Amino acid sequence: MKFNNRNVYISEKAKIGKNVRIGDNTVIYDNVIIGDNSIICNDCVIGEPVNDYYFTSSYENPETVLKEGAFIRSHSIIYAGSVFGENFSTGHRVTIREHSKFGNNCRIGTVSDIQGYVEFGNNCWLHSNVHIGQQSKIGNFVFIYPYAVFTNDPTPPSDTCIGPTVGDFSQIAVGTVLLPAAEIGKHCLVGAQSLVGGKYDDYSLIIGNPAKKIKDVRELKSRNTDKSHYPWPYSFSRNMPWEHEGFENWKLKNGYEND
Amino acid sequence: MKFNNRNVYISEKAKIGKNVRIGDNTVIYDNVIIGDNSIICNDCVIGEPVNDYYFTSSYENPETVLKEGAFIRSHSIIYAGSVFGENFSTGHRVTIREHSKFGNNCRIGTVSDIQGYVEFGNNCWLHSNVHIGQQSKIGNFVFIYPYAVFTNDPTPPSDTCIGPTVGDFSQIAVGTVLLPAAEIGKHCLVGAQSLVGGKYDDYSLIIGNPAKKIKDVRELKSRNTDKSHYPWPYSFSRNMPWEHEGFENWKLKNGYEND
Amino acid sequence: MKFNNRNVYISEKAKIGKNVRIGDNTVIYDNVIIGDNSIICNDCVIGEPVNDYYFTSSYENPETVLKEGAFIRSHSIIYAGSVFGENFSTGHRVTIREHSKFGNNCRIGTVSDIQGYVEFGNNCWLHSNVHIGQQSKIGNFVFIYPYAVFTNDPTPPSDTCIGPTVGDFSQIAVGTVLLPAAEIGKHCLVGAQSLVGGKYDDYSLIIGNPAKKIKDVRELKSRNTDKSHYPWPYSFSRNMPWEHEGFENWKLKNGYEND
Ligand SMILES: CC(C)(COP(=O)(O)OP(=O)(O)OC[C@H]1O[C@@H](n2cnc3c(N)ncnc32)[C@H](O)[C@@H]1OP(=O)(O)O)[C@@H](O)C(=O)NCCC(=O)NCCS
Ligand SMILES: CC(C)(COP(=O)(O)OP(=O)(O)OC[C@H]1O[C@@H](n2cnc3c(N)ncnc32)[C@H](O)[C@@H]1OP(=O)(O)O)[C@@H](O)C(=O)NCCC(=O)NCCS
Ligand SMILES: CC(C)(COP(=O)(O)OP(=O)(O)OC[C@H]1O[C@@H](n2cnc3c(N)ncnc32)[C@H](O)[C@@H]1OP(=O)(O)O)[C@@H](O)C(=O)NCCC(=O)NCCS
């Protein structure tokens, strides 16, 4: 229904892999590289020119790389000059600015806004309506829930720009603000609607406005069982690379021995 | 100005009622049923195929029903597999996922995101930028204000999914987070930027992070008069079904005797 | 790459200035006036008809004025009946309703939602995902950060509509809610995720849920120097009109003697 080749415009300077489907009304600009077996839905813009384009006649669009297996849902805008690992996927109306770097198997939800100059590891999942400011640095298996906001200017407006960092496996719940330079360790849980500045150790459960570490996440029980739910990779495996063998086995083979 | 029949694509398997206007660049997919006297503005997608479409060659689009009098503003995306009562209306860029059920006279504001598998009664008004997670269950005459977020996973990520429930006439003010399984009774007011878990009786005024019931809403005065503003149906009637006869009379005829 | 004149529709009743570029798929409706040297990117709607259009056969579109140097990024929707000063710019997917008034050099970020019937002075910068309710009144050089929400109905739903006011140079940090009728003086800083009602003097530093004035902004140091960062125009000048001569000189010539 969607791939009728209506109003599709693909630059001659773009490289499109094998078995790539491109939806109606989508535009793919210069120097975009799309890997095999990708789906770009309708009304998307891939390789959106950066600001200089409007004001420089010699403008050359920076390279944009979407590796194999990308799945970009409709009305998304991806600026030129970013790199996305394998199986990158988005919801609708996502905006991703230049100089964004994503590892493999990352997902970004509907209407989320990535301001560029950010770095994500592998397997990060951002739900709908997440805002990531410039200079944020995020590890692997970090999940960020709706209306979470990552900031970078401590005393606005200023020329200081220091984004938050988040360690592997940490979870940032809905409506949370990470203040500039916040440092969240590995395996942390930041509770809903928290306002978080400062530095937190691995395994912290952080909540409140302003937020404090209230306990170790390993003390937080699941609602359905009496066991602790965290570190979550031991109790959650749907769509995770350890889905079939369990986290215990997987981690030993994949460099997460200490997790 | 808008209905010029430019780039409009309507599936032969869609059923379009009488006196329906469809804006430029709009796409209507298979098995969509649109009731009489509806307006679907420009750049909309109605009956967006669900995920299986991309991966199953035998895919059949689930039925989508928009009853009589729908008014969908531009750039909205409505997935296949939902049912909308009469006079359903949206702002711009609304996203509504599959298995959403809305009663009559509901409205959803610009950029709001309904994640599917939700149930709304009649006359619910969602303002701009509201996020409703799966498994939310909402009564009649519930109004939800911008940046309110309904969640469902208490210990993310997990396989638990228990949405909030909200009773008839309750009001959820801006920037509020309802935690998973929160239960808000009837005629409650949840104040701005509250973080709400747990269970609340009818007529509660709930505020804070974390939220508490601070008093009975019937004790909260209007700013303009000395009378109590709540329960609001007695003091607000613009565009309400009791606009002409008053709530007192209307409720007796409509099954709300006890409200 | 963007200005190929594909699917561009411009009303004969629109007036387009000199050296205006209009992107593909953009629609410009009746009685829109666009000043010289403007850029309207792809997929925009300028002069979106107001509600009456759908229901009144004699509908005439109100005038929409974008003065010289406008720069509207893609997928933005600007309703008919608003006036924008020189060098007005937007990010992507911005929605601006009727009866909005903006001074010169204002910017509005991606996905922001201006509900109409609002007034902004000169040089206001709204970042991504800001929500401004009706009847808000905002001075000059006011910057508003992501997920800030301006409200107007103190006891929803009601017929009362009293927006917040914000004085010159004040900064509204991320995730902040301004309650109806909040009055923020000049040179204030409202910290991240604050919930602000009531009235605040010039130079207040306001934080918390609910918010309080915690000190004078002039006591708040920059993270990089030992000096106070506020009032910020003395320490920040990038893209400001005082960039070359300094705020001290500029203010004397421009009517800000007392700032
Ligand atoms: C942090 C969290 C895990 C705590 O869960 P919990 O231990 O089951 O908490 P409880 O509901 O038993 O509440 C314990 C106390 O902490 C308070 N509290 C809970 N979450 C809080 C939060 N995010 N901020 C501040 N206080 C919080 C509760 O009000 C309660 O206080 P009380 O003892 O005075 O009544 C949970 O609140 C949370 O944020 N979950 C994530 C929701 C989410 O964003 N999911 C992903 C999107 S669907
Ligand atoms: C809950 C609400 C109705 C209370 O209104 P109110 O009784 O007039 O409250 P007041 O402004 O007189 O404040 C009373 C006290 O409660 C505090 N307070 C008010 N609203 C609060 C809230 N949402 N959360 C926490 N504290 C709140 C005030 O700071 C004040 O504290 P103080 O006595 O220490 O100064 C109001 O704050 C609210 O949330 N309104 C809804 C706004 C909205 O979202 N409208 C719809 C979109 S336009
Ligand atoms: C208000 C603000 C400037 C305070 O900065 P600061 O003085 O450097 O504050 P600190 O980080 O030293 O914290 C001082 C205390 O205030 C608390 N605090 C800081 N900001 C707070 C806020 N917004 N609300 C409530 N409490 C806050 C801290 O938790 C800390 O408490 P503690 O002493 O008990 O540990 C800062 O928090 C802020 O909001 N910055 C704006 C961020 C933003 O939105 N930037 C623009 C978008 S990028």
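Modeller: Gladly, and let us begin with a term: a salt bridge is a side-chain nitrogen of Lys or Arg within 4 Å of a carboxyl oxygen of Asp or Glu. Please keep in mind that this is a predicted model.

Biologist: What makes C:E48 and B:K2 a salt bridge?

Modeller: The closest N and O atoms of C:E48 and B:K2 are 2.4 Å apart. The cut-off is 4 Å, so the pair meets the rule. The count between chain B and chain C is two salt bridges.

Biologist: How do you know that B:D159 forms a salt bridge with A:R238?

Modeller: The test is again the 4 Å cut-off, and here the closest N and O atoms are 2.8 Å apart, so this pair qualifies too. Across the interface of chain B and chain A, the rule finds two salt bridges. That interface also holds 23 residue pairs in polar contact. On the chain B side, the elements giving two or more residues are strand 7 (45-48) and strand 10 (77-79).

Biologist: How many residues of chain B are in contact with chain A, and of which classes are they?

Modeller: Contact means heavy atoms within 4.5 Å. By that test, 47 residues of chain B are in contact with 38 residues of chain A. The chain B side divides into 23 nonpolar, 18 polar and six charged residues.

Biologist: Why are chain B and chain A said to be related as by a three-fold rotation axis?

Modeller: Chain B can be laid on chain A by a turn of 120° and a shift of 0.0 Å along the axis, with an RMSD of 0.0 Å. The two copies are therefore related as by a three-fold rotation axis. In chain B, the C-alpha nearest the axis belongs to B:N209, 4.2 Å from it. The copies use different surfaces, as 17% of the contact residues of chain B recur in chain A.

Biologist: How do you know that strand 30 and strand 31 of chain B pair?

Modeller: Pairing needs at least two bridges, and strand 30 (residues 204-208) and strand 31 (residues 211-216) have five, so they pair, in the antiparallel sense. B:I206 stands opposite B:K213 in strand 31. A hairpin joins the two strands of chain B through two residues.

Biologist: What makes strand 2 and strand 29 of chain A edge strands?

Modeller: They belong to an open sheet of 10 strands in chain A, in the order 2-5-8-11-14-17-20-23-26-29, with parallel pairing. Strand 2 (15-16) and strand 29 (199-200) each have a single partner strand, so one side of each is left without a neighbour in the sheet.

Key: Residues are numbered from 1 along each chain as its sequence is written. Chains are lettered from A and ligands numbered from 1 in the order in which they are written. This is a predicted model: local features need pLDDT of at least 70, side-chain atom pairs count only at pLDDT 80 or more; totals for chains, interfaces and linings use all residues. Side-chain values use heavy atoms; hydrogens and water are left out. A polar contact is a pair of N or O atoms within 3.5 Å; within protein, one must be able to donate a hydrogen and the other to accept it, and residues adjacent in sequence count only if both atoms are side-chain atoms. Helices (H or I, at least four residues) and strands (E, at least two) are DSSP runs, numbered from the N terminus. Ala, Val, Leu, Ile, Met, Phe, Trp, Tyr, Cys and Pro count as nonpolar, Asp, Glu, Lys and Arg as charged, and the others, Gly among them, as polar. Copies are superposed by least squares on the C-alpha atoms of residues with pLDDT of at least 70 in both.
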